[in-house]
Amino acid sequence: MFYYVDGTVTVLEQGLAVIDCGGVGYACHASQNTIGKLKIGAHARLLTYLNVREDIFELYGFIDEEEQSCFKMMIGVSGVGPKAALSILSVAPPDRLALSIITGDEKMLMQAPGIGKKIAQRIVLELRDKMSKEQLETASAASPVAVAAASGGVNHTQEAVAALMVLGYSQAEALHAMEGLDTAQMAAEEIIRQCLKKLVKQ
């Protein structure tokens with residue numbers, strides 16, 4: 001129903017951003033990652049997700065496609081609702097979240113308020129299994145990087161490739177974005193961050 005809202009930021013609160021679009025204020029539930037990139041009085045464009053269930057009609061806003069994609073993946077996990085997903089994205093932006101899933105880092109997810117060990121384990125297990133299958137299906141037979149990343153035996157470069165694929169980029173796009181980077185001297189999280197800067201500009 002709503003693909004995005006585009007207008008002026010009028011209110012910023014914990015977990016909430018109001019965007020004025022032609023005189024109508026749209027209240028968007030948002031992660032601290034998104035809110036931290038907004039400024040009252042400034043222009044903003046948020047991708048959205050509309051949560052409708054019985055007497056619930058809530059709009060969620062995201063600063064970019066990566067965050068929106070991670071949100072949708074998480075609410076697809078049994079027991080993880082929209083508020084829990086936002087809580088996680090507030091402590092683990094898309095790059096860190098994707099890396100946490102690939103490496104099985106439950107403790108990162110548990111830093112989010114309301115996220116216990118069982119939910120964190122479920123998110124890691126369900127999404128890592130899902131991503132591993134998707135990566136193996138899309139990887140070519142001559143692609144040792146993607147196959148290794150999907151099988152779990154990865155180094156930091158392969159972890160970065162797998163994490164970028166979790167965020168919706170193809171293996172080819174991920175590898176192309178790594179060109180020119182001294183990946184041997186970089187941590188996986190930094191590789192992901194630098195690749196995202198390139199990919200967003202394309």
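S87 sits in helix α3. Helices here are DSSP runs of H or I with at least four residues, strands are E runs of at least two, and both are numbered from the N terminus. The model is predicted: local features need pLDDT of at least 70, side-chain atom pairs count only at pLDDT 80 or more, and totals for chains, interfaces and linings use all residues. Residues are numbered from 1 along each chain as its sequence is written, and side-chain values use heavy atoms, without hydrogens and water.

Is S87 buried or exposed? S87 counts as buried because its relative accessibility is 14%. Buried means under 20% relative accessible area, exposed means over 50%, and partly exposed lies in between, with a 1.4 Å probe and protein chains only. Beyond its neighbours within four places in sequence, S87 is in contact with A112 and P113. Contact means heavy atoms within 4.5 Å.

Now look at the strands. Strands of a sheet pair through backbone hydrogen bonds, either parallel or antiparallel. Here 5 strands close into a barrel, in the order β1-β2-β3-β5-β4, with mixed pairing. Two strands pair if DSSP finds at least two bridges between them. From one strand to the next, the twist averages 55 degrees. Strands β1 (residues 4-13) and β4 (residues 43-53) run antiparallel, joined by 5 bridges. Y4 has L47 in β4 as its bridge partner.

Two helices pack on the sheet. Helix α2 (residues 65-75) touches β4 and β5 (56-62), and its direction makes about 15 degrees with that of β4. Helix α3 (residues 82-91) touches β3 (24-29), β4 and β5, at about 20 degrees to the direction of β5. Axes are lines fitted to C-alpha atoms, for helices over the stretch in contact, and angles run from 0 to 180 degrees between N-to-C directions.

On a 1 Å grid over the protein atoms alone, a pocket is an open set of points with protein on both sides within 12 Å along at least five of seven lines; lining residues have an atom within 4 Å of a point. The second largest pocket has 13 lining residues, and G15, A30, K83, L86 and S87 lie nearest its centre. Helix α3 gives the most to this lining, with 5 residues.

Which helix gives the most to the lining of the largest pocket? That is α10, with 4 residues. Both α4 (94-103) and α10 (188-201) supply at least two residues each. The lining includes N33, K37 and D64.

Technical notes
1 Å grid on protein atoms, 1.4 Å probe; cavity = no way out; pocket = protein on both sides within 12 Å on 5 of 7 lines; lining within 4 Å.
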